[in-house]
Amino acid sequence: MALERFAPFFILILLAACNTAGNVDPEGDPYAPGFSKEEGVDGLLVGHRLMEAGEYELALKAYLRAGAKYGLNVDVLSALGSANLRLGRLGQSEKLLRQATEEDPTFVPAWNNLGVVLMETDQIGEASRVFKTAYALDSGESDSIRENLRLALAKIENPGYAEQNKNKFELVRRGSSSYLLLQTPNEN
């Protein structure tokens with residue numbers, strides 16, 4: 001009963017505390033203090049953070065917004081290519097990364113990621129050349145580029161063709177409309 005008498009008093013204290021926060025814009029501006037509405041959120045920065053978090057589809061959307069704002073510069077092209085690479089869209093990724101390397105032939109991340117796409121699509125010779133370019137432009141400072149180049153060169157020297165699949169399968173009918181795929185024993 002005693003608390004009910006003081007409830008209006010506590011509400012007034014809370015309202016007063018909210019009103020005297022100091023950083024609240026009396027006009028109701030939803031942006032953080034010191035943040036310009038005109039600047040907006042940097043799509044590249046947001047995209048990079050989303051990529052780190054493994055949210056590749058959202059990162060792609062952020063990079064597209066950055067492209068609408070800044071145009072398709074080397075940073076945007078490379079970022080779009082990287083997001084598409086992570087999404088498994090290798091053809092799109094390759095096209096965008098090639099555009100990025102044409103836009104700025106000294107942009108190391110685009111060269112490295114293009115090499116990764118080429119490795120994924122079994123274009124090992126070209127991937128090796130691309131990694132060499134990235135490594136030279138980077139002056140050999142990046143461990144990841146060095147490792148990518150090493151893997152490409154190793155794959156050229158020893159392509160390691162996969163063993164031929166020796167499994168034999170037989171399709172067996174079960175009932176009137178279902179089939180079962182069974183592995184038959186290997187004859188050695």
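Modeller: One term first: a residue is buried under 20% relative accessible area, exposed over 50%, and partly exposed in between, with a 1.4 Å probe and protein chains only. This is a predicted model, in which local features need pLDDT of at least 70, side-chain atom pairs count only at pLDDT 80 or more, and totals for chains, interfaces and linings use all residues. Residues are numbered from 1 along each chain as its sequence is written, and side-chain values use heavy atoms, with hydrogens and water left out.

Biologist: Is D122 buried or exposed, then?

Modeller: D122 is exposed, with a relative accessible area of 58%. D122 sits in the loop between α6 (108–120) and α7, and its phi is near 60°, a positive value in a residue other than glycine.

Biologist: And S139: where is that one?

Modeller: S139 belongs to the loop between α7 and α8. Its phi is also a positive value, near 60°, in a residue other than glycine. S139 is exposed, at 57% relative accessible area.

Biologist: What is the overall pattern of the chain?

Modeller: Along the sequence it reads α-α-α-α-α-α-α-α-β-β, that is, eight helices and two strands. Helices (H or I, at least four residues) and strands (E, at least two) are DSSP runs, numbered from the N terminus.

Biologist: How much of the chain is buried?

Modeller: Buried residues are 28% of the 188 residues. The chain exposes about 13400 Å², and carbon and sulfur atoms supply 54% of that area; accessible areas come from the Shrake-Rupley method with a 1.4 Å probe, and for residues only the protein chains shown count as cover.

Biologist: Turning to packing, what angle do α7 and α8 make?

Modeller: Helix α7 (residues 124–137) and helix α8 (residues 143–157) pack at about 150°, with axes 9 Å apart. Axes are lines fitted to C-alpha atoms, for helices over the stretch in contact, and angles run from 0 to 180 degrees between N-to-C directions. The two helices are therefore roughly antiparallel; angles under 35 degrees count as roughly parallel, over 145 as roughly antiparallel, 65 to 115 as roughly perpendicular and the rest as oblique.

Biologist: Which residues of α7 and α8 meet?

Modeller: On the α7 side they are I124, G125, S128, F131, K132, A134 and Y135, and on the α8 side I145, R146, N148, L149, A152, L153, K155 and I156. Contact means heavy atoms within 4.5 Å. By class, this contact has nine nonpolar, three polar and three charged residues. Ala, Val, Leu, Ile, Met, Phe, Trp, Tyr, Cys and Pro count as nonpolar, Asp, Glu, Lys and Arg as charged, and the others, Gly among them, as polar.

Biologist: How do the axes of α2 and α3 cross?

Modeller: The axes of helix α2 (residues 43–52) and helix α3 (residues 56–70) come within 8 Å and cross at roughly 165°. That makes α2 roughly antiparallel to α3. The contact involves G43, L44, V46, G47, H48, L50 and M51 of α2, together with Y56, L58, A59, A62, Y63, A66 and Y70 of α3. Eleven of the residues in this contact are nonpolar, three are polar and none is charged.
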